[in-house]
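Trainee: I would like to learn how to read a structure like this one, feature by feature. Please show me the general idea each time and then the case at hand.

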Amino acid sequence: ADGFDALVERSSALFDAARRAGVRRIVHLSVANPSLDSPYAYFRAKAQVEAALHATGVPAAIVRPALIFGGATVLLDNLAWVLRRSPVFGVAAGGGFRVRPVHADDVARLCVELAGHTEHVTVDAVGPERPTFRELIVQVRDAAGARCWLVPMPARLVLAASKPIGWVMRDDLLTSDELLSTVDGLADTDGEATGQIALSDWLRANGATLGRRYRSERLSRR
């Protein structure tokens, strides 16, 4: 929680500095489904940052991605890394909940486009496909040429199974909030697609190299 408190404080200070410097527009990258009442600290913090931005009065564009793939993102790479190496993969709660993957290039394009607007606007950054989480895992597994057996498991067992990998890799492979918020549907939205690159197309083009090496989540934050 302390880290998220610092996120809110530093973001608020940055927005206030931008206002005092006469910045005419701010483009802010948030997350899908932020809420001040969320049971998840990350989503509460993101909602607090958005509120701080609104309070400055500076016209802003808020871009809310759900699940980002491509570029230097680690999620799908590490998912493929596990699928390539494990004979069994636990699918939390059966994986029937949906996600809205969006390519990093589409997120960047959307930010640039909205920078040229003048009104205050909030936009979900979501791609053209809306698979269930199990469908996403199957797509990644098949694209990587893995033969992992998918087994439905309670979320708590999936979290427990991820702990030893995290210890070995000295990384946060999966946190409780990351998994449970996705199970609760927070990586999904009902809006129309604002991204153009389909996950299935990207996987066909990149599956052979996906998950060849582990990408540290901790190092990616530095």
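This is a predicted model: local features need pLDDT of at least 70, side-chain atom pairs count only at pLDDT 80 or more; totals for chains, interfaces and linings use all residues.

Trainee: What volume does the second largest pocket have?

Mentor: Residues are numbered from 1 along each chain as its sequence is written, and side-chain values use heavy atoms, with hydrogens and water left out. On a 1 Å grid over the protein atoms alone, a pocket is an open set of points where a 1.4 Å probe fits, with protein on both sides within 12 Å along at least five of seven lines. Its volume is the space filled by probe spheres set on the points, which are joined across faces, edges and corners. For the second largest pocket that volume is about 180 Å³.

Trainee: Which residues lie nearest the centre of the second largest pocket?

Mentor: Lining residues have an atom within 4 Å of a point. Here there are 13 of them, and Gly-71, Asp-77, Trp-202, Leu-210 and Arg-215 lie nearest the centre. Helices (H or I, at least four residues) and strands (E, at least two) are DSSP runs numbered from the N terminus. At least two lining residues come from each of α3 (75-85) and α8 (199-206). By class, the lining of this second largest pocket has three nonpolar, six polar and four charged residues. In that scheme Ala, Val, Leu, Ile, Met, Phe, Trp, Tyr, Cys and Pro are nonpolar, Asp, Glu, Lys and Arg are charged, and the others, Gly among them, are polar.

Trainee: How much space lies in the largest pocket?

Mentor: The largest pocket holds about 1900 Å³. It is lined by 48 residues, and Val-74, Leu-75, Leu-173, Glu-178 and Glu-217 are the closest to its centre. That lining divides into 31 nonpolar, ten polar and seven charged residues.

Trainee: How many aromatic pairs does the structure hold?

Mentor: A pair of aromatic rings is described by the distance of the centres and the angle of the planes. Rings of Phe, Tyr and Trp (its six-membered ring) pair if their centres lie within 6.5 Å; planes under 30 degrees apart are stacked, over 60 edge-to-face, and the rest tilted. The structure holds six such pairs. In one of them, Tyr-42 and Phe-43 have ring centres 5.7 Å apart and planes at 85 degrees, so this pair is edge-to-face. Phe-97 and Phe-133 form a stacked pair, with 5.3 Å from centre to centre and 20 degrees between the planes. Phe-97 sits in the loop between β4 (88-92) and β5 (101-103) and Phe-133 in helix α5 (residues 133-144), so the pair ties together parts 36 residues apart in sequence. There is also one aromatic cluster, formed by Phe-4, Tyr-40, Tyr-42 and Phe-43.

Trainee: Is Phe-43 buried or exposed?

Mentor: Buried means under 20% relative accessible area, exposed over 50%, and partly exposed in between (1.4 Å probe, protein chains only). Phe-43 is buried at 7%, whereas Tyr-42 is partly exposed at 31%.

Trainee: In what order do the three strands of the open sheet come?

Mentor: Strands of a sheet pair through backbone hydrogen bonds, either parallel or antiparallel. Two strands count as paired if DSSP finds at least two bridges between them. Here the order is β1-β2-β6, with parallel pairing. β1 (26-29) and β6 (121-125) stand at the edges with a single partner strand each, so one side of each has no neighbour in the sheet. Strand β2 (residues 60-65) pairs with β6 over five bridges. Within β6, Thr-122 is the bridge partner of Ile-62, and Val-121 stands opposite Ala-61. The covered face of β6 has Val-121, Val-123 and Ala-125, and the uncovered one has Thr-122 and Asp-124.

Trainee: Where does Asn-33 lie?

Mentor: Asn-33 is in the loop between β1 and α2 (41-56). Its phi is near 65 degrees, a positive value in a residue other than glycine, and Asn-33 is partly exposed at 30%. Ala-93, in the loop between β4 and β5, also has a positive phi, near 55 degrees. Ala-93 is exposed, with 52% relative accessibility.
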